[in-house]
Amino acid sequence: MDVYQLAILFSVGFILIVLDLVRRRRLKEKYSLLWIFVGLLMLVLSTFRSAIEQMAAFFHVNYAPSLLFLVGLVFCFSLILHVTVVLSRLEDRVVRLAQEAAILREEIEQKAVAERGNKG
């Protein structure tokens, strides 16, 4: 089994795993499209050896299959950066929600104390 066949098997398996995660509702559809696109891109690049070899020659890469892994690695770094940005935004939202909840809790406690004071 050569590298291209291994990449084809990996790509098909990867796409099937993504589809199964969507089916079991563990991955949202909007994120699955990106993963399916990458899986299909890797599948196409693995299937058409001449295309990847021409791209490798264009980029002066001596071993054409290593370009497949470079594409995957660049995608992974891009995805990690995107997830980090989303996580940072969510962290800011959680802090803001916690602050708003604390303010609302304090207001409720003050109203409860004021009502007890009016009854006594």
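Author: Asp2 counts as partly exposed because its relative accessibility is 28% (buried is under 20% relative accessible area, exposed over 50%, partly exposed in between, with a 1.4 Å probe and protein chains only). The model is predicted, so local features need pLDDT of at least 70 and side-chain atom pairs pLDDT 80 or more, while totals for chains, interfaces and linings use all residues. Residues are numbered from 1 along each chain as its sequence is written, and side-chain values use heavy atoms, without hydrogens and water.

Asp2 pairs with Arg49 in a salt bridge, with 2.3 Å between the closest N and O atoms; the term takes a Lys or Arg side-chain nitrogen within 4 Å of an Asp or Glu carboxyl oxygen. Asp2 sits in the segment before α1 and Arg49 in helix α3, so the pair ties together parts 47 residues apart in sequence. Helices are DSSP runs (H or I, at least four residues), numbered from the N terminus; strands are E runs of at least two. Arg49 is likewise partly exposed, at 37% relative accessibility.

By the same rule, the count comes to four salt bridges. Among them is Asp20 with Arg23, at 2.7 Å from N to O. Both residues lie in helix α1, three residues apart, about one turn of the helix. Asp20 also forms a salt bridge with Arg24, where the closest N and O atoms are 3.0 Å apart. Asp20, Arg23 and Arg24 are therefore linked in a network of salt bridges.

A core here is a set of buried Ala, Val, Leu, Ile, Met, Phe, Trp, Tyr and Cys residues joined through side-chain atoms within 4.5 Å. This core has twelve residues, including Tyr4, Ala7, Met42, Ile52 and Phe75. The most come from α4, which gives four. The core lies between domain 1 (1–61) and domain 2 (63–119), because both give residues to it; the bounds come from an automatic or database assignment.
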